Amino acid sequence: MNEPILRSIRGGAHVPVRHDSAIGHLTGRALYIDDLPVVPGTLHGALVLSPHPHARISRIDLSRALASPGVVAAIVADDIPGKNDIGPIRGDEPLLPKEFAEYEGQPVVAVAADTLDNARAAANLVAIDYEILPAVLSLTEAIARELYVSPVQAMKRGDVDAELARAPHRLSGEFACGGQDHFYLEGQVALAVPGEGSDMAVYSSTQHPTEVQHGVAHLLGLPFNMVTVEVRRMGGGFGGKESQATLIAGIAAVLARKAGRPVKLRLPRDDDMRATGKRHPFLFRYDIGFDGDGHILGLDLLLAANGGNVADHTPAVVTRALCHADNCYWLPCLRFVGLPCKTNTVSNTAFRGYGGPQGMFAIETILDIVGRHLGLPLEELRRRNFYGIGRNDVTPYGMKVEDNILGHIADELEHSVDLAGWREEISAFNGASPVIKKGLATMPIKFGISFNRPALNQAGALVSVYTDGSVTLNHGGTEMGQGLFVKVAQVVAEAFQIDLENIRVSATTTAKVPNTSPTAASCGSDLNGMAALNAAQEIKGRMTDVAAGHFDVPASEILFTANRIYAGNRSLSFSELALLCWDQRVSLSATGYYRTPKIHWDPKTNTGRPFYYFVYGAAAAEVAIDTLTGEMRVLRAELLQDCGKSLNPALDLGQIEGAFVQGMGWLTTEELWWDQGGRLKTHGPSTYKIPGSRDVPPRFNVRLLSDAPNKEATVFRSKAVGEPPLMLAISVWLAVRDAIASLADYKTAPVLDAPTTPERILSAIDDIRLRAGRSDDRVEASPSGH
């Protein structure tokens, strides 16, 4: 074999290649929707938001707004030419309300003017008369009144009531976790451009171009082929640009249709946070039975989600929460009930993890309570309840856990960080520190990969090879900073054995790849990577036949490697073969398609195989709390993440770090707060605290699990990485609980909800001291404070 064959390509699969837009991000040359040059005559949109959480709209007067300088058009519900519905799952979710405003911040009127300032000034002149109605603002009230946005869901196994009745130990209680704003760097934005006839082109910051296409088509009364949606990149999404993007694009498109001119709609941060949905807050109520060794015998768990005013993604989020409330544990007898509650707040929606974080939060908090009740270390309690191999391996929804590496993951983390020695250090510190207390906790995860709705587990791609050897790649996935485009390009580079620099990924558009699924559920690389690989292999097969004919050898002797095609000692460059294929009239373009195998789901019984495989991981976190102020800091985090055979280790490490910090924010600092009038008061960076650079643990170590290729036939045996690491941050939540518990005996479990704001930490400290009979400790500790 000639020496050139031994050379490798630059940037193939499994290589740590930088993000394709990295330089553009740093220099500001990467274009986002708001950066696109607009044609003369483009209008700017502004919204009028409801000031009430629940009110009848009795009168809307647009006269002053329409007479305002530069105003061209204004729209209300009656101006929508098609169907006033943008619901992603259940329907009956209006773009603009016709009769009732159902949450504070709901868009009621939209105005388009020649400048953004004129549009916002005109929006302030719209007069709306409201009849204020009673509003349901809390989960507890919605539960009590049985108000739901979709049917209640359940998973059951065994006779849980009987098992609980005969369990040697039984505990029950209630706790909650809050929501979270997506706080993407780039806010919601769309540009709608009318074309010939009824055509409408929409440039949208969306994770789901097809959903925006369908939504705009419904609103305008058009067939889908008359609406083209395009997005090159987003400045972050995290689920917030799945269904929510349709609201913004739909308003821009209806304004554009009425005005007959292009319209750009970009929300300011405050309006963005008021008008668009969040992660679902959950309330949990549990009743658990277990034996003296810590084996769980029965669990009755209520998971109530605050869905907001309409269904949005709540039905699917509740399903996903139910599917992850087992996390890593065999539960022989259980009843999970999911309540999709209706309140007069913004409709909560998809968010990284999609219900999985809330389900895992529930079971881990319950196990922490059980472990403390028994005086049993949490790690040991977990091991006694881990899914088994060959036994005790069926999930509550009936899927067998076939790829179980829980024990291996837990062992590797424990040994690599010397968990026992670390705990001794924490204990010694706490014994000598009267005010600052430290906590340490671990967190294992088992996270399912695939959409719960089987129809979404499909993808398409279009690959074109040009006669100079360059390649254009298009697929249905969207780039939101996570590196999907470069990963899929690496797959194509590997397939053709050409350098990554020869491949260009074009903007995602519904005109090239139709009927796409959202870039969500951590499935972007799995689905689009495999679709692109199938397209590339089809073209490669045609090229192989041409090369075989050219060299007069069997096709089996043709080898693609190092940017050349070999037949023994003879070779052609990739570009030479591409030109030869064109000369022989052989197509160099192909569509690729992929559908995830094995999965099935019965939504009536909540049973089936909703996931193609599981992703595993483990983390350990150390925190410190100030018992006088409630201030908390994460001091150290050690993460071990299963990525299969990583397509791009550099990008995967970045995703793991970012997901963990975002999970920290959800559980510690990011508090959404509505006043008694249902008005969101944390709607900007001054009042809503996302983690900053100083919140990142000073000691932050991330490792990818080595020698662990996916057992399922994913693209080059890789695994998803977008969502799973977020749940590793539950280790931080548990560490805060551990620090508070150090003020009493180990067996006293803190009463604490998330996020762990200073107020909640102080309240939990007071409570645990009171229960431990040491309620005056804070006064005694004050003199030896800082």
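A: A charge sits over a ring if NZ of Lys or CZ of Arg is within 6 Å of the ring centre and within 35 degrees of the ring normal. Here R233 lies over the face of Y32, 5.8 Å from the ring centre, and K241 lies over that of Y184, at 4.7 Å. This is a predicted model, in which local features need pLDDT of at least 70 and side-chain atom pairs count only at pLDDT 80 or more, while totals for chains, interfaces and linings use all residues. Residues are numbered from 1 along each chain as its sequence is written, and side-chain values use heavy atoms, leaving out hydrogens and water.

Q: How many aromatic pairs does a search of the whole structure find?

A: Rings of Phe, Tyr and Trp (its six-membered ring) pair if their centres lie within 6.5 Å; planes under 30 degrees apart count as stacked, over 60 as edge-to-face and the rest as tilted. The search finds 16 such pairs. One of them, F361 with W666, is tilted, at 6.1 Å centre to centre and 55 degrees between the planes. Since F361 belongs to helix α10 (residues 356-374) and W666 to helix α17 (residues 649-668), the pair ties together parts 305 residues apart in sequence. Helices (H or I, at least four residues) are DSSP runs, numbered from the N terminus.

Q: Are F361 and W666 buried or exposed?

A: Buried means under 20% relative accessible area, exposed over 50%, partly exposed in between (1.4 Å probe, protein chains only). Both F361 and W666 are buried.

Q: How many disulfides are there?

A: A disulfide is a pair of cysteine sulfur atoms within 2.5 Å. The count is zero; for C341, the nearest cysteine sulfur, that of C177, is 13 Å away.

How values were computed: Helices (H or I, at least four residues) and strands (E, at least two) are DSSP runs, numbered from the N terminus.
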